[in-house]
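Student: Please pick one part of this model and give me a close look at it. Keep it connected, and give me the cut-offs behind each term.

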Amino acid sequence: MSSSHSLDLETLMRTGEVSQGQTDVQLLTGLHDRLTSTQGSLSWRASVARDEFNRPRVRMALEGTLGLQCQRCLGTLEHDVAHGWQVGVVADEAALPDLEEEGDDVDFIVAGQQVEVAQLIAEELLLSLPMMPRHDTEACHGPQQGQAAEDMQEVQETPVRASPFAALNKLRKP
Ligand SMILES: [Zn+2]
């Protein structure tokens with residue numbers, strides 16, 4: 001039985017078939033602090049490819065929607081994921097290229113190992129999701145529209161200005 005939570009690379013390589021499944025966002029634990037919701041799932045598809053030196057690669061494709069946190073209003077930003085990338089495959093750990101040799105930004109995995117799809121996806125998304133997601137100005141309900149820098153400064157200063165009064169009020173109470 002082919003599980004949708006792990007990739008059987010050797011079978012994938014041998015048969016050349018396509019493997020696909022759904023991964024719950026709940027399982028992408030490495031990403032959770034960048035999401036406003038861990039509901040839903042992403043669809044993935046893995047197929048075998050070859051690089052220019054005829055070395056095996058797994059071509060991954062990912063689709064779905066994630067709720068990112070808008071860095072302006074802190075609300076939810078529906079982010080459509082439609083992402084493809086490739087992972088190099090080597091026969092064993094001895095064949096893993098040195099880090100400096102990897103060069104072209106491809107991660108490598110060892111063919112005989114079980115690959116947790118959720119981990120593979122989370123690692124890739126950590127690198128590829130926008131670092132500072134923001135709504136378009138007209139869609140954003142944040143208070144800083146148009147003059148983000150000034151307002152941000154005000155927001156940051158307010159608690160500092162408020163705290164001496166708060167302390168005084170406390171002193172005045174019997
Ligand atoms: Zn926003």
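Tutor: Start with Cys-140: it is buried, at a relative accessible area of 1%. Buried means under 20% relative accessible area, exposed means over 50%, and partly exposed lies in between (1.4 Å probe, protein chains only). Cys-73 counts as partly exposed, at 22% relative accessibility.

A word on the basis. This is a predicted model, where local features need pLDDT of at least 70 and side-chain atom pairs count only at pLDDT 80 or more, while totals for chains, interfaces and linings use all residues. Residues are numbered from 1 along each chain as its sequence is written, and side-chain values use heavy atoms, with hydrogens and water left out.

Cys-73 sits in the loop between strand 4 (56–69) and strand 5 (76–90), and Cys-140 in the loop between helix 3 (117–128) and helix 4 (148–172), so the pair ties together parts 67 residues apart in sequence. Helices (H or I, at least four residues) and strands (E, at least two) are DSSP runs, numbered from the N terminus.

Five of them form an open sheet of mixed pairing, in the order 2-3-4-5-6. Strand 2 and strand 6 (107–110) are the edges, each pairing on one side only. The twist averages 30° from one strand to the next. Pairing requires at least two DSSP bridges between two strands. Strand 3 and strand 4 pair antiparallel over eight bridges. Arg-45 has Ala-61 of strand 4 as its bridge partner. Five residues separate these two strands in a hairpin, and Asn-54 in the turn has a positive phi of about 65°.

Helix 3 lies across strand 2, strand 3, strand 4 and strand 5, at about 115° to strand 5. Axes are lines fitted to C-alpha atoms, for helices over the stretch in contact, and angles run from 0 to 180 degrees between N-to-C directions. Strand 5 also holds Gly-88, which is buried at 0% relative accessibility. Beyond neighbours within four places in sequence, Gly-88 contacts Pro-56, Arg-57, Val-106, Asp-107, Phe-108 and Ile-109. Contact means heavy atoms within 4.5 Å.

Asp-51, Arg-55 and Arg-57 are linked in a salt-bridge network. A salt bridge is a side-chain nitrogen of Lys or Arg within 4 Å of a carboxyl oxygen of Asp or Glu. The closest N and O atoms are 2.7 Å apart for Arg-55 and Asp-51, and 3.9 Å for Asp-51 and Arg-57. Asp-51 is buried at 9% and Arg-57 at 8%, whereas Arg-55 is partly exposed at 40%.
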